[in-house]
Amino acid sequence: MANKDNISDELLAAYLDGNASKEETMQVLEALKTDKQLQEIFHVALETDEDAACITQMSSFSDDVLPMLQKAAISGENICAVLCEIFILHRRHLPYDEEWLLNTARRKDWLKPEGTPLYCLGNLLAYSGMFVTRKYDSTLEDIRRALRMDNDVVVGVDREKLYSEPVDLEDLTNHAVVITHIDNNIVTVFDPYEEPYISNIHLSDFLGAWKESHNYMIQVLQSVDEYEPHPIDVDSIPLDGDLEELQEAIAENAHDVWAEARIKEGWTYGKERNDAKKQHPDMIPYTALPDSEKEYDRIMAFNTIKLVKKLGYDIVKRK
Amino acid sequence: MNDQEIIKGLIARDSYVTQNFFFVKCRPLFYSVMKQVFDYEVEYDEMVNELYIYLMEDDAFKLRNFQYRSSVYQWLKVLAIRFFIKKRHRMIDDNSNETPYGEQDKSADDESRKDAQYDMERLFEAMPTKRYVEVIRRLVLEDCEPEVLAQEMNITTANLYNIKRRSIAQLTRIALNDIKAYGK
């Protein structure tokens, strides 16, 4: 009978990483049957959202929460997102050094121990001087339009659903692919982990797999003139009374931050805006701003708070 | 930074590695673990400082004995979970001499071996993703080389590594559910 004291942290970690031997695996499972502490350790280990990048608490995922923290890759060795970006550089005949790009992604923390979070997709391309836009809730028409403009498109998908493989219990975005073509019911993708790398996927499989990322796509523009802002739709997010107070505080602070930066650049108050003299009519305290100007800051604050909630965070007031 | 560099830096008390890896990069991990272990509010910084002291005690004995059988991150996760659970029970074992695996008593009688094998087959039966069962069977039970299996499955080794971890997670979930269902 396995003794719980024999199960070292090293062995537990090796087991969780799938590196334990047959005997060790059986030893762990045997101990798990009777060792309450071990059961709790595993329970916590499985539930711990490793990236949990939840410096604030993350709500449980629901349909209305964007999976920005999910990875377009699951393990430390899975670098599909980086390989997709390299593929785009290659396609555009731009010089690149694969090792350097990988190291850059790791150094800048875009490639995390558990993979590349969706919000970091495309960072290497942007770092290489390309214009990258990111968008949730995209449509097939968005992809088609991008391809027509000869832009490159990367999407976050659930790999198992993409290839109609048995679906595991974890429904999440765990892979990135480049879309190269869409034709009627067929979506052609570049998948760095699926030889021969270019595959034709049935549209319904693609849509099922793509849905897991809330239809997240990044688009690499050919020119900055094509840039069209697409703020995340936060209309469905309610704000309770406390957060409305927070909205006013954020709005006022945003104005102060703006004014402080302008003062450092030499701007002063002027009845009318004069860029040459560095004068601006809003260089006054927030409380003195006309309502029309306050409204601008309030809308920004309002949308920021809603966005925080939409991205799966809760805002909790300390007592 | 790779795992070797992280371990080396932590042992050497390199301020860059300690600050950036342990106190910054691992912050979300520790936060998430604490949230699950404690059902009451705890002082994050105080707890993490204690964890750091625990990790570094006896001239960083634990770090010096790390055998790289998993990623550093996975190991730290397990270490942190165990530490916080013990902390919660106010029974932290001051003896940091975690028995190195190689010195453990590996003996188990034949009967329990058979039981364990039987249990494992039962868990496999209950696993919904048969592909995962196959991965565990080949990699863990048959000790197949990952490169060979990856080739058989027509996937890359890196992707197999990914699938392997998910397979183990599913197996463990099933084992935990099994215990719950049978009240073991």
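Modeller: Please note at the outset that this is a predicted model.

Colleague: How many bridges join strand E2 of chain A to E6(A)?

Modeller: Strand E2 covers residues 152-157 of chain A, and its course is antiparallel to that of E6(A). The number of bridges that join E2 to E6(A) is four.

Colleague: Which residue of E6(A) is the bridge partner of A:Val132?

Modeller: Strand E1, residues 131-135 of chain A, pairs with E6(A) in the antiparallel sense. Five bridges make up this pairing. For A:Val132, the bridge partner in E6(A) is A:Val220.

Colleague: How many of the residues of strand E6 of chain A are buried?

Modeller: Strand E6 comprises residues 217-221 of chain A and pairs with E1 over five bridges. A residue counts as buried when 20 or more other C-beta atoms lie within 10 Å of its own. By that criterion E6 is mostly covered, and of its five residues the number buried is four.

Colleague: What distance separates the end C-alpha atoms of helix H3 of chain A?

Modeller: Helix H3 runs over residues 36-47, which is 12 residues. At 1.5 Å a residue, the helix should therefore span 16 Å. The distance between its end C-alpha atoms agrees with this: 16 Å.

Colleague: Within what arc do the buried residues of H3(A) fall?

Modeller: The buried residues of H3(A) are A:Ile41, A:Phe42, A:Val44 and A:Ala45. Seen down the helix axis, they line one face, because they fall within an arc of 165°.

Colleague: Which exposed residues does the face of H3(A) turned away from its buried side carry?

Modeller: An α-helix has 3.6 residues a turn, so residues three or four places apart point the same way. On H3(A), the face turned away from the buried side carries two exposed residues, A:Lys36 and A:Glu47.

Colleague: What percentage of the residues in chain A is buried?

Modeller: Chain A has 11 helices and eight strands. Of its contacts with a separation of 6 or more, 65% are between residues 24 or more positions apart. Among the 319 residues of chain A, the buried share is 38%.

Colleague: And what percentage of the residues of chain B counts as buried?

Modeller: Chain B has nine helices and zero strands. Residues 24 or more positions apart account for 64% of its contacts with a separation of 6 or more. Of the 184 residues of chain B, the share that counts as buried is 29%.

Notes:
Residues are numbered from 1 along each chain as its sequence is written. Chains are lettered from A and ligands numbered from 1 in the order in which they are written. This is a predicted model: local features need pLDDT of at least 70, side-chain atom pairs count only at pLDDT 80 or more; totals for chains, interfaces and linings use all residues. A residue is buried if 20 or more other C-beta atoms lie within 10 Å of its own, exposed if 12 or fewer, and partly exposed in between; C-beta atoms are placed from the backbone. Two strands pair if DSSP finds at least two bridges between them. Two residues are in contact if their C-beta atoms, placed from the backbone, lie within 7 Å. The expected span of a helix is 1.5 Å times one less than its number of residues. The arc is that of the directions from the helix axis to the C-beta atoms.
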